[in-house]
Amino acid sequence: MSDNATLRRPEQAETSPRATEALQPPVDVVEDSAGITLYADLPGVPKDRLHLHVEADTLTIEGEIALPAPEGLEPFHSEVGLARYRRVFTLSKELDAERVAAEFVQGVLTLRIPKVEHAQPRRIAVQVG
Amino acid sequence: MFYRSLFPRDVFAELDRIQRGLQQGGGDLSPSIRGSARGGYPALNVGSTARSVEIYAFAPGIDPATLDVQLEKGVLTIAGERAGVLPPKDAPATVHIDERFSGRFRRVVTLPDDVDPNAVEARYTDGVVHVSVQRKAASQPRRIHVQ
């Protein structure tokens with residue numbers, strides 16, 4: 001049963017989500033008139049192991065956990081059982097993916113994605129009569 | 001506050017994990033007297049070496065001033081508060097996803113009997129509280145010389 005992994009073709013292994021098992025970080029997403037703010041919890045990820053990609057309309061957040069561990073550490077209780085986070089979002093076209101601003105402090109990623117100028121709200125005068 | 005699952009995985013990975021647990025003879029599924037051990041905030045990993053017990057609490061975005069780590073009678077408590085980021089109800093903003101924990105938290109771990117309450121170190125890095133408790137020297141393994 002455990003031989004399944006070796007039976008998988010390599011190109012399949014790369015695209016299969018199970019090949020790169022990952023934890024799904026919890027997020028908050030808030031939208032206001034000027035853009036969207038996304039907050040994601042990625043505890044244990046140092047700055048240099050956080051990877052953000054925006055490709056076409058897909059935003060990918062990935063991070064690898066690196067914890068200081070003394071030699072010979074044997075885990076006996078693990079609630080965080082994998083060392084990788086990954087979550088993918090689809091952006092909509094009124095968001096300006098070119099101007100994403102990111103901040104990463106103590107395991108919390110804050111992404112600000114502004115809306116493109118013409119998508120920002122305008123008050124529409126309602127004519128009566 | 002009830003908090004579902006901190007880091008959900010995909011269903012297949014979860015089934016794999018359960019199956020592995022069953023194969024290894026149950027894993028750590030036995031319930032604790034302090035209630036459900038899993039799914040709380042912060043998530044905990046605990047491990048040990050011959051010389052120390054290492055506790056990792058995955059608590060991102062905490063103001064270190066609100067962190068309270070105590071060791072009393074072999075019980076380690078990690079408590080604190082995490083400020084919310086969501087806008088007030090009357091703000092002109094829409095919350096699309098609301099999964100992250102906010103508010104006060106407290107988690108408790110029972111440590112082995114041989115830990116030394118005077119040799120504890122706690123450090124907060126990359127959103128993880130790492131507590132390292134030394135074991136008492138007497139219980140550390142020693143090689144016995146055979147004459």
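Which pattern does chain B follow when read along the sequence? In this predicted model, the answer is α-β-β-β-β-β-β-β-β. Of the 147 residues in chain B, 35% are buried. The accessible surface of this chain comes to about 9400 Å², and carbon and sulfur atoms account for 52% of that area. Contacts within the chain can also be sorted by how far apart the partners lie in sequence. Among the contacts in chain B with a separation of 6 or more, 55% are between residues 24 or more positions apart.

B:S132 sits in strand β8 of chain B, which covers residues 128-135. Is B:S132 buried or exposed? Its relative accessibility is 13%, and because buried means under 20%, B:S132 counts as buried. The side chain of B:S132 forms a polar contact of 3.0 Å with the side chain of B:E54. With neighbours within four places in sequence left aside, B:S132 is in contact with B:S52, B:V53 and B:E54, and also with B:A119, B:V120 and B:E121.

The nonpolar residues come next. The largest nonpolar core has 26 residues, and the members that touch the most others are A:L38, A:L42, A:L59, A:I61, A:L109 and B:F58. A second, separate core holds 20 residues, including B:I55, B:A57, B:I62 and B:L111. Back in the largest core, A:L59 is among the members with the most partners. Beyond its neighbours within four places in sequence, A:L59 is in contact with A:L38, A:H53, A:V54, A:R87, A:V88, A:F89, A:L91, A:L111 and A:I113.

Side chains of opposite charge can pair when their charged atoms come close. How many salt bridges are there over all chains? The count comes to 13. One of them joins the side chains of A:E31 and A:K115, with 2.7 Å from N to O. This pair links distant parts of the chain, since A:E31 lies in strand β1 of chain A and A:K115 lies in the segment after β8, 84 residues apart. Both A:E31 and A:K115 are buried.

The side chains of B:E81 and B:R104 form a salt bridge at 3.1 Å, N to O. Here too, distant parts of the chain are linked: B:E81 belongs to strand β4 (residues 75-82) and B:R104 to strand β6 (residues 103-110), 23 residues apart. B:E81 has a relative accessible area of 37%, so it is partly exposed, whereas B:R104, at 61% relative accessibility, counts as exposed. Another salt bridge brings together the side chains of B:E72 and B:K73, at 3.9 Å from N to O. B:K73 has a relative accessible area of 77% and is therefore exposed. Finally, which residues are linked in a network of salt bridges? The members are A:D28 and A:D41 from chain A, together with B:R82 and B:R100 from chain B.

Methods:
Residues are numbered from 1 along each chain as its sequence is written. Chains are lettered from A and ligands numbered from 1 in the order in which they are written. This is a predicted model: local features need pLDDT of at least 70, side-chain atom pairs count only at pLDDT 80 or more; totals for chains, interfaces and linings use all residues. Side-chain values use heavy atoms; hydrogens and water are left out. Helices (H or I, at least four residues) and strands (E, at least two) are DSSP runs, numbered from the N terminus. Buried means under 20% relative accessible area, exposed over 50%, partly exposed in between (1.4 Å probe, protein chains only). Contact means heavy atoms within 4.5 Å. Accessible areas come from the Shrake-Rupley method with a 1.4 Å probe; for residues, only the protein chains shown count as cover. A polar contact is a pair of N or O atoms within 3.5 Å; within protein, one must be able to donate a hydrogen and the other to accept it, and residues adjacent in sequence count only if both atoms are side-chain atoms. A nonpolar core is a set of buried Ala, Val, Leu, Ile, Met, Phe, Trp, Tyr and Cys residues joined through side-chain atoms within 4.5 Å. A salt bridge is a side-chain nitrogen of Lys or Arg within 4 Å of a carboxyl oxygen of Asp or Glu.
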